[in-house]
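Visitor: I am new to this structure and would like to look closely at a single part of it. Please take me through that part slowly, and show me how it sits among its surroundings.

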Amino acid sequence: MFWRSVVGKLWFTILLLVSAVLVLLTILLLEFFQNYHVLEAERQMLQTADKISEVVERYEDRDLMLETTALVKDPESRAVIVFSPDDVVISESQLKDLPHLEYEWFSNDEQLSAVLSDGKDVKMVADPNHSDTGLMVVGTPMVDGEGAVFVYESLDTVKETTEQTTKIIFLGAGIAIILTTIFAFFLSTRITSPLIQMRESALELARGEFQRKVPIRTHDEIGELAMAFNRMGRQLKFHINALNHEKEQLSSILRSMADGVITVNREGEMLISNPPSQQYLDAYDFETYGISTNDADRTSLPEPLQKMFANVIETEEETMTEEILQGRSWVIIMTPLYDQRKVRGAVAVLRDMTEERRLDKLRKDFIANVSHELRTPISMLQGYSEAIVDDIAASKEEKNELAQIIHDESLRIGRLVNELLDLARMEAGQISLNTGRVDMTAYMNKIIRKFQGLAMDQQVNLSLDLDSDIESLVFDGDRIEQVFTNLIDNAIRHTREQGVVRVEVVDNKDEWIASVHDSGQGIQEEDLPFVFERFYKADKSRKRNEQKKGTGLGLAIAKNIIEAHRGTISVRSKWEEGTTFTFRIPKNLESIEN
C-alpha cells in the first residue's frame with residue numbers, strides 16, 4: 001500500500017505541512033491586500049480631492065473648473081464641491097450606478113461634517129440609503145478654508161482589484177502546492193531509495209547472501225547508514241563463516257571420535273549424534289525389533305537412554321551404566337547440560353568397551369585354552385605310548401589300534417600347530433593372495449555340492465541363493481573357498497535336524513556380499529564379540545563331540561583371509577533362532593592389489 005510506505009507518509013507529511021502554511025499565508029495576504037487596496041484607494045481619492053481644491057482655487061469659471069476636475073479625478077468617481085450650503089457643484093461619473101449625494105447628506109454625517117466645521121481631512125466607508133454597494137468617501141477643506149471638496153466612488157472597484165489579487169494568490173498557492181508535491185515526492189524517493197535497497201539487502205542477508213552491498217551515493221546520515229549496513233554485512237559474513245568453521249570442526253571432531261556422542265534437548269529429543277553412536281542405535285534396533293533401521297534422522301532415544309535421561313534431569317547429576325547389545329559392551333555416561341543455571345538437556349558419551357573386555361578375557365583364557373587343546377592329545381600320546389612300551393597291549397591288533405590313536409592325535413597336534421603358524425603369518429601380513437577372475441555360478445555350485453552329503457547325513461536343508469547379476473568376480477578362489485568351507489561346515493554341524501542352512505551371494509554396487517544363514521541354536525550374546533578369536537569355543541565344557549570337533553581357529557583364519565581381501569566379516573545371532581555370518585569384499589580388488 002502506498003499510504004503505508006515511507007514515501008507516502010513522508011510525501012503526505014510535507015504536503016500537509018506546506019498546505020497548512022500556504023492556507024495561513026493566503027488568509028493573511030488576502031486580509032492584508034484587502035485593507036491595502038482600501039487604504040490606497042482612500043489615499044488616491046484624498047490626493048484627488050486636494051488637486052480639485054487647488055483647481056477650484058485657481059479657476060473661477062465653473063465650466064472650466066468642472067472640465068479640469070473631470071480630468072483630475074477617476075472617471076468612475078464623483079466629486080462634490082461645496083462653496084456654501086447653497087452653492088454646491090457636483091461632477092459627473094461614468095458609473096451610472098453611483099448615487100448622487102446632496103449637501104445635506106454630507107452635512108448630516110457626523111464625520112464628514114467635521115470637514116466643513118473643523119477643516120479636517122476625513123476618510124470613511126459609507127453605506128448611504130442602505131444600498132447594495134458601499135462607498136468610499138473622502139473630504140478635504142478648501143485652500144482658503146471656505147468650503148470643502150468631497151470625492152467618493154463605489155467599493156466595487158476595490159473589490160475587483162481585491163478579486164484579481166485573490167486569484168493571483170490562489171494561483172500562486174496552487175502552483176506552490178503542485179511544486180511542493182513534486183519536490184516532496186522527489187525528496188521522499190531520494191530518501192527512501194537507499195532504504196528500499198537496504199531492505200532488499202537485509203532480505204538477502206536473511207537468505208544467507210552476504211555478497212550484496214548497498215551503494216553509497218551521499219555522505220549524509222543515509223550514506224552513513226549504508227556504510228554501517230555494509231559493515232554489518234561483512235561482520236555477519238565473518239561471524240557466520242567462523243560459526244560454520246567451528247561447526248565443521250566440531251562435526252569433524254565428533255566424526256573422528258572413537259566414542260559415541262549423543263546430545264539431547266530437555267524434551268528428550270536427539271539433536272546430534274556421531275557414527276559410533278549410530279552403531280549403538282543400530283544394534284539396539286536389531287536387538288529390539290529384529291531389523292536394523294539405519295535411520296539417521298531419528299530423534300527418539302532408546303529406552304535405556306530415556307531412563308538415564310529422566311534420572312539426569314531429575315537429579316542434575318552425572319549417571320553411568322553399562323549395557324550389552326549384540327555381544328558388544330557399551331559403557332554409557334550421561335551428563336547434564338546447563339543454560340546458565342537451568343538444565344537445558346544432556347550429553348551422553350557411549351564407549352565401546354568390547355575390545356577391552358575381550359582383551360581381559362583373552363588374557364585370562366588364552367593360556368587355559370592352549371593348555372587344554374594341547375594337554376588332551378599329549379596326554380593320550382603319553383598314555384597310549386606307555387601302554388605299548390609296558391606291553392599292556394598283548395595282541396598285534398591292540399598294538400595297531402593304540403598306534404593308530406597315537407597317529408591320529410599326532411596329526412591333530414600337527415594340524416593345530418600348522419593352523420597356528422598360518423594364523424600367525426596372516427596376522428603378520430605375510431599372506432599372499434593368488435587372485436583371479438572366478439565364474440561364480442560354477443564356483444558356488446562346487447562348494448554346495450561338497451557339503452550336500454554332510455547336510456543329508458545331518459538331515460539339514462542346504463540351499464544357495466546366487467544373485468543373477470553376478471557372473472564373475474576377482475578374488476583368491478582357494479582362500480575364499482576355505483572361508484565358505486569353515487562357515488558352512490559350522491552352520492551344518494550346529495543346526496538341528498530338519499533345519500535350514502542358506503548361502504546367499506548378492507551384488508551391492510562396489511562390493512559383493514556373501515552370507516551364511518542357519519536356523520541352529522545360535523550363539524549366546526556374551527559370546528558374539530569373541531567368536532573370531534583364537535581357540536574360542538562357545539561350548540565351555542569343550543567335550544569331545546565328533547560331530548562338532550574343531551581346533552577353535554577356523555573363524556580366526558576366515559577373518560584374516562577376508563581382511564587380506566580388503567573386506568570385512570561380521571556375525572549376528574539370537575539364541576535359539578539362528579546365526580548369520582556375513583562378509584563383504586570389494587569388486588575392484590585388482591586395482592587395490594596393484
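Visitor: Leaving aside its neighbours within four places in sequence, which residues is Ile562 in contact with?

Guide: Before turning to that residue, please keep in mind that this is a predicted model, in which the 594 residues of the protein include 39% that count as buried, and in which the secondary structure comes to 14 helices and 17 strands. Ile562 is found in helix α13, and, once the neighbours within four places in sequence are set aside, its contacts are Ile480, Val483, Gly567, Thr568, Ile569, Phe583, Arg584 and Ile585. With a relative accessibility of 0%, Ile562 counts as buried, the limit for that word being under 20% relative accessible area. One of its contacts, Arg584, stands 22 residues away along the chain, and the C-alpha atoms of Ile562 and Arg584 are separated by 7.9 Å.

Helix α13 covers residues 554–564, and because eight of its eleven residues are buried, the helix is largely enclosed by the rest of the structure. The buried ones are Leu555, Ala556, Ile557, Ala558, Asn560, Ile561, Ile562 and Ala564. After α13 comes Arg566, which lies in the loop between α13 and β16, a strand spanning 568–574. The phi of Arg566 is positive, near 65 degrees, in a residue other than glycine.

Another contact of Ile562, Phe583, leads on to the aromatic residues, for the structure holds six aromatic pairs. In one of these pairs the rings of Phe484 and Phe583 have centres 5.3 Å apart and planes at 70 degrees, so the pair is edge-to-face; the angle passes the limit of over 60 degrees that this description requires. Phe484 belongs to helix α12, residues 477–493, whereas Phe583 belongs to strand β17, residues 578–586, so the pair ties together parts that are 99 residues apart in sequence. Phe484 has 0% relative accessibility and therefore counts as buried, while Phe583, with a relative accessible area of 1%, is buried as well.

A further pair also involves strand β17. The rings of Phe532 and Phe581 have their centres 6.0 Å apart and their planes at 90 degrees, so this pair, too, is edge-to-face. Because Phe532 lies in the loop between β15 (511–518) and α13, and Phe581 in strand β17, the pair ties together parts that are 49 residues apart in sequence. Phe532 and Phe581 are both buried.

Returning to Phe484 and Phe583, these two residues are members of one aromatic cluster, which they form together with Tyr443, Phe475 and Trp512.

Finally, for the protein as a whole, residues 24 or more positions apart account for 59% of the contacts with a separation of 6 or more. The accessible surface comes to about 35300 Å², and 53% of that surface belongs to carbon and sulfur atoms.

Note on methods. Residues are numbered from 1 along each chain as its sequence is written. This is a predicted model: local features need pLDDT of at least 70, side-chain atom pairs count only at pLDDT 80 or more; totals for chains, interfaces and linings use all residues. Side-chain values use heavy atoms; hydrogens and water are left out. Buried means under 20% relative accessible area, exposed over 50%, partly exposed in between (1.4 Å probe, protein chains only). Helices (H or I, at least four residues) and strands (E, at least two) are DSSP runs, numbered from the N terminus. Contact means heavy atoms within 4.5 Å. Accessible areas come from the Shrake-Rupley method with a 1.4 Å probe; for residues, only the protein chains shown count as cover. Rings of Phe, Tyr and Trp (its six-membered ring) pair if their centres lie within 6.5 Å; planes under 30 degrees apart count as stacked, over 60 as edge-to-face and the rest as tilted.
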